[in-house]
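Student: I would like to go through this model term by term. For each label, please give the value and the criterion behind the label.

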Amino acid sequence: MDAPTPTTAVPASSRASGPAADVGVVTADVVEEAARRLAGVVRTTPLQHSARLSAATGAHVSLKREDLTSVRSYKVRGAYNLIAQLSADELARGVVCASAGNHGQGVAAACRELGVRGRVMVPRTTPRQKRERIAALGGDVCEVVVVGDVYDDAVTATREEAGRTGAVVVPAFDDPRTVAGQGTVACEVAEQHLALTGRVPDVVVVPVGGGGLLAGTGTWFAARHPGTRLVGVEPAGAASMAAALAAGRPVPLREVETFVDGAAVRTAGHVTLPLVRDSGAELVAVAEGRVCTEMLALYQVDGIIAEPAGALASAALGDVVLVEPGQDVVCVLSGGNNDVSRYGEVVERSLVHEGLKHYFLVQFAQEPGALRTFLDEVLGPDDDITRFEYLKRNNRETGPALIGLEIARPGDLAPLLARMTASGLDVERLEPGSPAFQYLL
């Protein structure tokens with residue numbers, strides 16, 4: 001990996017989260033030193049033109065393919081940068097980390113490369129594919145431990161493990177060394193874009209969980225190319241950085257939607273928050289259903305397997321991140337560790353978000369021909385029943401049926417609802433986000 005000459009070392013800090021007395025600093029010089037440290041260890045990932053996104057926005061859009069690292073995400077940058085700077089005594093004690101999956105793979109790969117023993121704490125929501133990859137990458141030097149339901153439960157377990165064994169904590173985002181390593185993405189983006197076009201990008205869009213990638217890239221771009229607009233994208237159901245910026249300090253979210261598992265962080269970092277704030281980066285949120293639609297487009301049109309967090313940046317483009325025609329735009333595709341078994345849910349969430357999938361509870365008269373009336377008088381020619389659950393009860397005059405309908409166009413919903421009303425049937429629509437809908441998706 002080509003990188004500028006280093007100038008400043010990164011001070012040490014090994015806290016998982018919370019205020020630290022010596023958290024060090026992150027500067028553009030520090031990020032550039034990290035880039036030099038990673039040279040020959042982490043490959044330079046491609047910067048690829050996206051014909052689909054360029055056509056959709058009128059801009060010149062490229063994807064920074066961090067899904068093509070050895071661990072299929074950018075997380076290896078921060079993990080290796082931190083572990084490589086530990087003292088001999090710290091290396092002998094081993095390392096421990098909390099991870100939603102990708103950071104754990106980076107730590108596992110770094111442990112194997114450097115011959116350091118490690119443990120990776122992951123929540124139960126971490127897809128099996130990611131757990132298995134951590135184990136494979138770590139070999140016999142790194143162990144995977146499943147604990148808790150969300151990322152912050154894994155953070156608590158990591159602190160306890162460090163206190164009990166003396167192992168050094170390798171934070172997923174809240175440490176200057178992790179931030180600096182993740183910020184090396186910015187160095188590559190600028191260098192590659194300059195080589196291809198003679199210009200640095202006008203806009204760079206990155207995903208945000210705890211804020212390590214945004215803090216590192218934002219710090220570097222603000223110092224080296226302040227004219228570049230930087231946008232961080234959070235999942236709407238886990239916008240912890242926005243909450244922290246609004247409060248002026250990291251605050252835990254009351255509820256976290258865990259579908260975008262790689263960015264489902266309850267509390268933003270104490271180290272990353274001021275760096276993000278001072279970088280001048282914009283912050284937006286994108287709906288999980290929109291992320292699913294983008295994941296499918298990446299797969300079906302571009303031939304790219306992206307995990308939900310990996311598709312955050314490009315999902316926001318043209319939706320909540322507007323760019324001007326002709327601008328040079330880079331979206332960081334941050335990871336490709338997606339379990340194929342999740343695609344059924346991805347398709348379902350996408351259809352609901354696009355207004356093409358709807359669910360209803362219909363009370364049918366328990367008599368012959370009731371369903372035929374629904375089919376003939378309610379369904380349109382392009383409406384498709386995708387789910388039908390009904391149990392006849394002989395001691396009642398009516399029986400409820402759960403019906404899932406897929407329509408051809410969002411505009412077909414209003415006529416469908418009108419036909420339901422005209423039919424005289426007792427129909428209840430299950431709205432997305434309602435308690436009942438949560439049992440379906």
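The dialogue below sets the labels against their definitions.

Student: How do you know how far the model can be trusted?

Tutor: This is a predicted model, in which local features need a pLDDT of at least 70, side-chain atom pairs count only at pLDDT 80 or more, and totals for chains, interfaces and linings use all residues. Residues are numbered from 1 along each chain as its sequence is written, and side-chain values use heavy atoms, with hydrogens and water left out. pLDDT is the predictor's confidence in each residue, from 0 to 100. The protein chain averages 90, and 93% of the residues score at least 70. Over residues 1–23 the pLDDT is below 50, although this stretch has 63 contacts in the model beyond near neighbours in sequence; a contact means heavy atoms within 4.5 Å. Where pLDDT is low, the predicted coordinates should not be read in detail.

Student: What makes β5 and β6 edge strands?

Tutor: Helices (H or I, at least four residues) and strands (E, at least two) are DSSP runs, numbered from the N terminus, and two strands pair if DSSP finds at least two bridges between them. The open sheet has 4 strands in the order β5-β4-β3-β6, with parallel pairing. β5 (142–146) and β6 (168–169) each have a single partner strand, so one side of each is left without a neighbour in the sheet.

Student: How do you know that β3 and β4 pair?

Tutor: Strands β3 (residues 95–98) and β4 (residues 118–122) share 4 bridges in the parallel sense, and the criterion asks for at least two. Alanine 98 stands opposite methionine 121 in β4. Helix α5 (residues 102–114) packs on the sheet, where it touches β3, β4 and β5, and its direction makes about 165 degrees with that of β3. Helix α6 (residues 128–138) also packs on the sheet, touching β4 and β5, at about 160 degrees to the direction of β5. Such axes are lines fitted to C-alpha atoms, for helices over the stretch in contact, and angles run from 0 to 180 degrees between N-to-C directions.

Student: Why is glutamine 129 called buried?

Tutor: Buried means under 20% relative accessible area, exposed over 50%, and partly exposed in between (1.4 Å probe, protein chains only). Glutamine 129 has 15%, so it is buried. Glutamine 129 is found in helix α6. Leaving aside neighbours within four places in sequence, glutamine 129 is in contact with Arg72, Asn337, Asn338 and Asp339.

Student: What makes helix α1 largely enclosed?

Tutor: In α1 (residues 28–38), 8 of the 11 residues are buried, so the helix is largely enclosed by the rest of the structure. Among them are Val30, Val31 and Leu38. The cover over the buried residues of α1 includes α3 (75–83), α8 (176–197) and α9 (212–224).

Student: Why is the pair of tyrosine 299 and tyrosine 343 called tilted?

Tutor: Rings of Phe, Tyr and Trp (its six-membered ring) pair if their centres lie within 6.5 Å; planes under 30 degrees apart count as stacked, over 60 as edge-to-face and the rest as tilted. These rings are 5.5 Å apart centre to centre with 35 degrees between the planes, so tyrosine 299 and tyrosine 343 form a tilted pair. Tyrosine 299 lies in helix α12 (residues 288–300) and tyrosine 343 in helix α14 (residues 343–353), so the pair ties together parts that are 44 residues apart in sequence. Tyrosine 299 is partly exposed at 44%, whereas tyrosine 343 is buried at 14%.

Student: How do you know that the charged end of arginine 342 sits over the ring of phenylalanine 259?

Tutor: A charge sits over a ring if NZ of Lys or CZ of Arg is within 6 Å of the ring centre and within 35 degrees of the ring normal. The charged end of arginine 342 sits over the ring of phenylalanine 259, 5.0 Å from its centre.
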